Amino acid sequence: MQIGQALAAAKEGESQMIVMMGNNLSLTSIILNGDPSIEHKGKLTCLDEQVKISQFYHCEGLLLCILKDDSRFVVCNPYLEQTRWIEPRYSHRPYGMDRFSYALGYVNTDSCRSYKLLRFIDYYYNAPEKQFFWYEVYDFDSDLWTTLDVTPHWRIAFCNTGVSFKGNTYWCAAERNVDVDEVLANRLICFDFTSERFGPLLPLPFSGGHHDYTTLSCVREEKLAVLLQHDESNPYELDLWITTKIETEEVLWSKFLRVETAGFNSYVPFISGSFFIDEEKKVAFGFDERNRQRVIVIGEAGYLRVLDLVGDFGDQSCKPDLCSYVPSLVQIKQPEGGEREEESEYGEASI
(Lines give C-alpha, C1' and ligand atoms only; values in the text may rest on other atoms or scores of the structure.)
Protein backbone atom coordinates (compact mmCIF):
# COMPACT_ATOMS: atom_id res chain seq x y z
CA MET A 1 0.00 0.00 0.00
CA GLN A 2 1.26 3.49 -0.84
CA ILE A 3 1.76 5.92 2.06
CA GLY A 4 0.02 8.72 0.15
CA GLN A 5 -3.00 6.51 -0.54
CA ALA A 6 -3.11 5.32 3.08
CA LEU A 7 -3.10 8.88 4.39
CA ALA A 8 -5.65 10.07 1.84
CA ALA A 9 -7.96 7.26 2.88
CA ALA A 10 -7.48 7.91 6.60
CA LYS A 11 -10.70 7.91 8.55
CA GLU A 12 -11.78 10.51 11.07
CA GLY A 13 -9.95 9.96 14.33
CA GLU A 14 -7.24 7.83 12.67
CA SER A 15 -3.58 8.41 13.55
CA GLN A 16 -0.60 7.10 11.59
CA MET A 17 2.40 5.56 13.33
CA ILE A 18 5.80 4.24 12.33
CA VAL A 19 6.34 1.06 14.35
CA MET A 20 9.59 -0.86 14.80
CA MET A 21 9.12 -4.54 15.53
CA GLY A 22 11.28 -7.48 14.56
CA ASN A 23 14.06 -5.18 13.25
CA ASN A 24 11.66 -3.77 10.63
CA LEU A 25 9.79 -0.49 10.24
CA SER A 26 6.10 -0.57 9.39
CA LEU A 27 3.23 1.84 8.91
CA THR A 28 0.38 1.28 11.37
CA SER A 29 -2.83 3.20 11.97
CA ILE A 30 -4.90 3.51 15.12
CA ILE A 31 -8.53 4.67 15.16
CA LEU A 32 -9.79 6.16 18.43
CA ASN A 33 -13.38 7.01 17.52
CA GLY A 34 -15.81 4.75 19.35
CA ASP A 35 -14.25 1.37 20.10
CA PRO A 36 -10.53 1.84 19.26
CA SER A 37 -8.88 -0.39 16.68
CA ILE A 38 -5.42 -0.80 15.17
CA GLU A 39 -4.33 -1.87 11.71
CA HIS A 40 -0.94 -2.98 10.40
CA LYS A 41 -0.50 -1.45 6.91
CA GLY A 42 2.80 -3.07 5.89
CA LYS A 43 6.58 -2.70 5.92
CA LEU A 44 8.42 0.33 4.59
CA THR A 45 10.22 -0.45 1.35
CA CYS A 46 12.54 2.56 1.15
CA LEU A 47 15.20 0.25 2.64
CA ASP A 48 16.50 -3.06 1.35
CA GLU A 49 14.65 -6.11 2.65
CA GLN A 50 17.88 -7.46 4.17
CA VAL A 51 18.47 -4.39 6.34
CA LYS A 52 17.81 -5.03 10.03
CA ILE A 53 17.09 -1.99 12.19
CA SER A 54 17.97 -1.91 15.88
CA GLN A 55 16.95 1.70 16.65
CA PHE A 56 15.28 4.57 14.85
CA TYR A 57 14.85 8.28 15.50
CA HIS A 58 12.21 10.55 13.98
CA CYS A 59 12.63 14.18 12.92
CA GLU A 60 9.60 15.72 11.17
CA GLY A 61 9.06 12.99 8.58
CA LEU A 62 12.68 11.83 8.29
CA LEU A 63 13.95 8.66 9.98
CA LEU A 64 17.47 8.00 11.23
CA CYS A 65 17.97 4.23 11.31
CA ILE A 66 20.69 2.49 13.32
CA LEU A 67 21.37 -0.95 11.87
CA LYS A 68 21.83 -4.22 13.68
CA ASP A 69 24.51 -5.81 11.47
CA ASP A 70 26.08 -2.75 9.82
CA SER A 71 28.18 0.02 11.37
CA ARG A 72 26.76 2.57 8.92
CA PHE A 73 23.62 4.63 9.50
CA VAL A 74 20.88 5.44 7.03
CA VAL A 75 18.55 8.44 6.94
CA CYS A 76 15.39 7.96 4.90
CA ASN A 77 12.27 9.81 3.86
CA PRO A 78 9.68 7.00 3.54
CA TYR A 79 7.24 9.26 1.70
CA LEU A 80 9.69 10.25 -1.06
CA GLU A 81 11.58 6.93 -0.89
CA GLN A 82 14.92 8.73 -0.52
CA THR A 83 17.86 7.45 1.52
CA ARG A 84 21.33 8.58 2.50
CA TRP A 85 23.99 6.29 3.94
CA ILE A 86 26.46 7.69 6.48
CA GLU A 87 29.80 6.17 7.49
CA PRO A 88 30.85 6.68 11.12
CA ARG A 89 34.43 7.59 11.99
CA TYR A 90 34.45 4.95 14.72
CA SER A 91 32.36 1.79 14.74
CA HIS A 92 33.36 0.37 18.12
CA ARG A 93 30.56 -1.73 19.60
CA PRO A 94 31.60 -3.08 23.02
CA TYR A 95 30.35 -6.62 23.64
CA GLY A 96 28.62 -6.49 20.25
CA MET A 97 26.24 -3.72 21.38
CA ASP A 98 25.89 -0.20 20.05
CA ARG A 99 26.16 1.92 23.20
CA PHE A 100 26.05 5.26 21.40
CA SER A 101 23.10 7.64 21.63
CA TYR A 102 21.87 9.49 18.54
CA ALA A 103 19.82 12.49 17.48
CA LEU A 104 18.78 13.97 14.14
CA GLY A 105 18.17 17.70 13.86
CA TYR A 106 18.54 20.73 11.65
CA VAL A 107 19.53 24.38 11.36
CA ASN A 108 17.17 26.79 9.61
CA THR A 109 18.96 28.77 6.90
CA ASP A 110 17.63 31.44 4.55
CA SER A 111 16.85 28.95 1.79
CA CYS A 112 16.43 25.54 3.43
CA ARG A 113 17.16 23.35 6.41
CA SER A 114 20.70 22.11 7.01
CA TYR A 115 20.56 18.69 8.68
CA LYS A 116 22.98 17.33 11.25
CA LEU A 117 23.42 14.11 13.22
CA LEU A 118 24.56 14.02 16.86
CA ARG A 119 26.28 10.89 18.16
CA PHE A 120 27.68 10.43 21.64
CA ILE A 121 28.76 7.84 24.14
CA ASP A 122 28.79 8.63 27.84
CA TYR A 123 29.74 6.00 30.39
CA TYR A 124 28.80 7.36 33.80
CA TYR A 125 30.03 5.90 37.06
CA ASN A 126 29.94 7.43 40.52
CA ALA A 127 33.75 7.27 40.51
CA PRO A 128 35.01 10.17 38.31
CA GLU A 129 38.12 8.28 37.17
CA LYS A 130 35.89 5.63 35.53
CA GLN A 131 33.85 8.05 33.43
CA PHE A 132 34.24 8.30 29.67
CA PHE A 133 32.37 10.49 27.19
CA TRP A 134 32.68 11.39 23.51
CA TYR A 135 30.41 13.74 21.53
CA GLU A 136 30.52 14.31 17.76
CA VAL A 137 28.36 15.86 15.01
CA TYR A 138 27.96 14.90 11.36
CA ASP A 139 27.06 17.69 8.91
CA PHE A 140 25.02 16.60 5.88
CA ASP A 141 26.21 19.61 3.83
CA SER A 142 29.95 19.12 4.32
CA ASP A 143 29.84 15.30 4.74
CA LEU A 144 32.21 15.73 7.70
CA TRP A 145 32.33 14.66 11.34
CA THR A 146 33.36 17.14 14.05
CA THR A 147 34.34 16.27 17.62
CA LEU A 148 32.60 18.55 20.13
CA ASP A 149 34.39 20.12 23.08
CA VAL A 150 31.95 18.96 25.75
CA THR A 151 32.32 18.54 29.50
CA PRO A 152 28.88 17.27 30.54
CA HIS A 153 27.31 18.57 33.73
CA TRP A 154 24.38 16.25 32.97
CA ARG A 155 23.80 12.52 32.80
CA ILE A 156 21.60 10.98 30.12
CA ALA A 157 20.79 7.34 30.74
CA PHE A 158 21.27 5.11 27.69
CA CYS A 159 17.64 3.98 27.98
CA ASN A 160 16.41 7.59 27.63
CA THR A 161 16.13 8.30 23.91
CA GLY A 162 15.86 11.86 22.71
CA VAL A 163 12.86 13.52 21.08
CA SER A 164 13.24 15.89 18.13
CA PHE A 165 11.36 19.17 18.48
CA LYS A 166 11.60 22.07 15.99
CA GLY A 167 15.07 21.02 14.87
CA ASN A 168 16.57 20.46 18.32
CA THR A 169 16.56 17.36 20.52
CA TYR A 170 15.47 16.99 24.14
CA TRP A 171 16.25 14.25 26.68
CA CYS A 172 15.24 13.38 30.21
CA ALA A 173 18.42 13.77 32.24
CA ALA A 174 19.87 14.31 35.71
CA GLU A 175 22.67 16.26 37.32
CA ARG A 176 25.93 14.43 36.83
CA ASN A 177 27.02 14.54 40.47
CA VAL A 178 23.77 12.96 41.75
CA ASP A 179 24.02 9.30 42.76
CA VAL A 180 22.57 7.16 39.96
CA ASP A 181 20.97 4.89 42.57
CA GLU A 182 18.90 7.82 43.80
CA VAL A 183 17.87 9.65 40.61
CA LEU A 184 17.81 8.30 37.07
CA ALA A 185 16.16 11.29 35.35
CA ASN A 186 14.46 14.30 36.91
CA ARG A 187 15.44 17.10 34.51
CA LEU A 188 15.16 18.05 30.85
CA ILE A 189 18.06 19.04 28.60
CA CYS A 190 18.22 20.32 25.02
CA PHE A 191 20.87 20.01 22.31
CA ASP A 192 20.78 23.03 19.99
CA PHE A 193 21.92 21.99 16.49
CA THR A 194 22.58 25.61 15.49
CA SER A 195 25.10 26.33 18.25
CA GLU A 196 26.04 22.63 18.61
CA ARG A 197 25.77 23.04 22.37
CA PHE A 198 23.69 21.63 25.20
CA GLY A 199 21.56 24.04 27.18
CA PRO A 200 21.05 24.12 30.95
CA LEU A 201 19.19 21.44 32.87
CA LEU A 202 15.51 22.39 32.91
CA PRO A 203 12.85 21.29 35.41
CA LEU A 204 10.49 18.40 34.86
CA PRO A 205 7.08 18.84 36.52
CA PHE A 206 7.80 16.28 39.26
CA SER A 207 10.49 15.14 41.67
CA GLY A 208 11.60 11.79 40.34
CA GLY A 209 13.51 9.00 42.01
CA HIS A 210 15.51 6.00 40.84
CA HIS A 211 12.36 3.84 40.62
CA ASP A 212 10.55 6.32 38.40
CA TYR A 213 10.36 5.72 34.66
CA THR A 214 10.22 8.87 32.56
CA THR A 215 10.05 9.25 28.79
CA LEU A 216 9.32 12.04 26.32
CA SER A 217 7.11 12.43 23.27
CA CYS A 218 6.27 15.15 20.77
CA VAL A 219 2.71 16.45 20.31
CA ARG A 220 1.99 17.47 16.70
CA GLU A 221 5.42 19.14 16.42
CA GLU A 222 4.00 21.85 18.71
CA LYS A 223 4.61 20.65 22.27
CA LEU A 224 6.56 18.14 24.30
CA ALA A 225 4.92 15.58 26.57
CA VAL A 226 6.46 13.67 29.45
CA LEU A 227 5.22 10.42 31.00
CA LEU A 228 5.96 9.40 34.60
CA GLN A 229 5.48 5.81 35.77
CA HIS A 230 6.56 3.90 38.84
CA ASP A 231 7.97 0.41 38.65
CA GLU A 232 6.42 -2.59 40.41
CA SER A 233 7.32 -1.20 43.86
CA ASN A 234 4.60 1.43 43.45
CA PRO A 235 2.56 0.83 40.28
CA TYR A 236 -0.38 3.09 41.09
CA GLU A 237 0.76 6.35 39.53
CA LEU A 238 0.89 7.14 35.83
CA ASP A 239 0.94 10.84 34.99
CA LEU A 240 1.38 12.87 31.81
CA TRP A 241 2.23 16.56 31.32
CA ILE A 242 2.52 18.72 28.22
CA THR A 243 4.47 21.92 27.74
CA THR A 244 2.85 25.34 27.57
CA LYS A 245 6.20 26.95 26.73
CA ILE A 246 9.35 25.26 25.45
CA GLU A 247 12.70 26.84 24.56
CA THR A 248 16.30 25.69 24.90
CA GLU A 249 16.60 27.51 28.25
CA GLU A 250 13.03 27.61 29.59
CA VAL A 251 10.13 25.20 29.88
CA LEU A 252 6.66 25.41 31.48
CA TRP A 253 4.34 22.43 32.03
CA SER A 254 0.64 21.68 32.43
CA LYS A 255 -0.89 18.43 33.75
CA PHE A 256 -2.49 16.56 30.86
CA LEU A 257 -3.67 13.30 32.38
CA ARG A 258 -3.51 11.23 35.55
CA VAL A 259 -4.36 7.56 35.24
CA GLU A 260 -5.64 5.96 38.45
CA THR A 261 -4.26 2.49 37.82
CA ALA A 262 -5.42 1.19 41.21
CA GLY A 263 -8.87 0.74 39.65
CA PHE A 264 -7.64 -1.77 37.07
CA ASN A 265 -7.73 -4.72 39.47
CA SER A 266 -5.08 -7.33 38.63
CA TYR A 267 -3.89 -5.67 35.40
CA VAL A 268 -1.74 -2.57 35.82
CA PRO A 269 -0.79 -0.91 32.52
CA PHE A 270 2.89 -0.10 32.04
CA ILE A 271 3.88 1.63 28.80
CA SER A 272 7.20 0.46 27.39
CA GLY A 273 9.43 2.96 25.62
CA SER A 274 7.93 5.59 23.34
CA PHE A 275 4.35 6.82 23.54
CA PHE A 276 2.22 9.52 22.01
CA ILE A 277 -0.98 11.28 22.92
CA ASP A 278 -4.17 12.48 21.30
CA GLU A 279 -4.68 15.83 22.99
CA GLU A 280 -8.25 16.26 21.75
CA LYS A 281 -9.46 12.85 22.96
CA LYS A 282 -7.38 13.02 26.14
CA VAL A 283 -5.77 9.60 25.69
CA ALA A 284 -2.24 8.22 25.43
CA PHE A 285 -0.99 5.01 23.89
CA GLY A 286 2.18 2.96 23.67
CA PHE A 287 3.47 -0.60 23.78
CA ASP A 288 2.50 -2.91 26.63
CA GLU A 289 5.61 -3.78 28.66
CA ARG A 290 4.23 -7.27 29.34
CA ASN A 291 3.29 -8.14 25.76
CA ARG A 292 5.25 -6.48 22.96
CA GLN A 293 2.60 -7.14 20.36
CA ARG A 294 -0.01 -5.13 22.22
CA VAL A 295 -0.69 -1.40 22.36
CA ILE A 296 -2.26 0.13 25.48
CA VAL A 297 -4.70 3.03 25.20
CA ILE A 298 -5.26 4.87 28.50
CA GLY A 299 -7.44 7.82 29.42
CA GLU A 300 -9.51 9.47 32.12
CA ALA A 301 -11.96 7.79 34.50
CA GLY A 302 -10.25 4.39 34.32
CA TYR A 303 -10.36 4.20 30.52
CA LEU A 304 -8.15 1.31 29.35
CA ARG A 305 -8.07 -0.62 26.08
CA VAL A 306 -5.53 -3.22 24.98
CA LEU A 307 -5.14 -3.66 21.21
CA ASP A 308 -3.36 -6.59 19.54
CA LEU A 309 -1.04 -5.87 16.63
CA VAL A 310 -1.71 -8.32 13.83
CA GLY A 311 0.93 -8.87 11.16
CA ASP A 312 4.21 -10.56 10.29
CA PHE A 313 6.74 -8.73 12.45
CA GLY A 314 9.50 -11.35 12.35
CA ASP A 315 11.96 -11.70 15.23
CA GLN A 316 10.54 -10.26 18.45
CA SER A 317 13.79 -10.21 20.44
CA CYS A 318 14.40 -6.47 19.91
CA LYS A 319 12.47 -3.92 21.93
CA PRO A 320 9.62 -2.34 19.92
CA ASP A 321 9.33 1.39 19.36
CA LEU A 322 6.87 3.78 17.73
CA CYS A 323 6.31 7.39 16.75
CA SER A 324 3.55 9.37 15.09
CA TYR A 325 4.15 9.98 11.39
CA VAL A 326 3.23 12.82 9.04
CA PRO A 327 4.69 12.72 5.50
CA SER A 328 7.42 15.21 4.67
CA LEU A 329 8.47 16.71 1.32
CA VAL A 330 11.99 17.41 2.63
CA GLN A 331 14.59 16.27 0.10
CA ILE A 332 17.51 14.33 1.57
CA LYS A 333 20.69 16.00 0.36
CA GLN A 334 23.29 13.59 -1.01
CA PRO A 335 27.06 14.06 -0.49
CA GLU A 336 28.80 15.85 -3.33
CA GLY A 337 29.79 13.34 -5.99
CA GLY A 338 27.73 10.60 -4.37
CA GLU A 339 25.06 8.61 -6.10
CA ARG A 340 21.53 9.81 -5.54
CA GLU A 341 18.75 7.37 -4.93
CA GLU A 342 16.13 7.36 -7.66
CA GLU A 343 13.36 9.70 -6.54
CA SER A 344 9.74 8.76 -7.00
CA GLU A 345 6.86 11.17 -7.42
CA TYR A 346 5.31 12.33 -4.14
CA GLY A 347 2.36 9.99 -4.50
CA GLU A 348 4.43 6.98 -5.55
CA ALA A 349 6.38 6.24 -2.37
CA SER A 350 5.22 2.89 -1.14
CA ILE A 351 5.41 0.60 1.82
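Begin by selecting strand E22, residues 271–278, in this predicted model. This strand is mostly covered, since eight of its eight residues are buried. Buried here denotes under 20% relative accessible area.

Then move to the hairpin of E22 and E23, where four residues lie between the strands. Within this hairpin, select Lys 282, which takes a positive phi near 60°.

Now turn to another region and select strands E8, E9, E10 and E11. These four strands form an open sheet in the order E8-E9-E10-E11, with antiparallel pairing. Colour E8 (101–108) and E11 (144–147) separately: both stand at the edges, and each has a single partner strand, so one side of each lacks a neighbour in the sheet. Viewed across the sheet, the twist averages 25° from one strand to the next.

Within this sheet, select E10, residues 132–139, along with E11. Four bridges pair these two strands in the antiparallel sense.

Finally, show the whole protein chain, which contains one helix and 26 strands. Of its 351 residues, 54% count as buried. Among the contacts with a separation of 6 or more, 52% involve residues 24 or more positions apart. With the surface displayed, the chain exposes about 16200 Å², of which carbon and sulfur atoms supply 46%.

Methods. Residues are numbered from 1 along each chain as its sequence is written. This is a predicted model: local features need pLDDT of at least 70, side-chain atom pairs count only at pLDDT 80 or more; totals for chains, interfaces and linings use all residues. Side-chain values use heavy atoms; hydrogens and water are left out. Two strands pair if DSSP finds at least two bridges between them. Axes are lines fitted to C-alpha atoms, for helices over the stretch in contact, and angles run from 0 to 180 degrees between N-to-C directions. Buried means under 20% relative accessible area, exposed over 50%, partly exposed in between (1.4 Å probe, protein chains only). Contact means heavy atoms within 4.5 Å. Accessible areas come from the Shrake-Rupley method with a 1.4 Å probe; for residues, only the protein chains shown count as cover.
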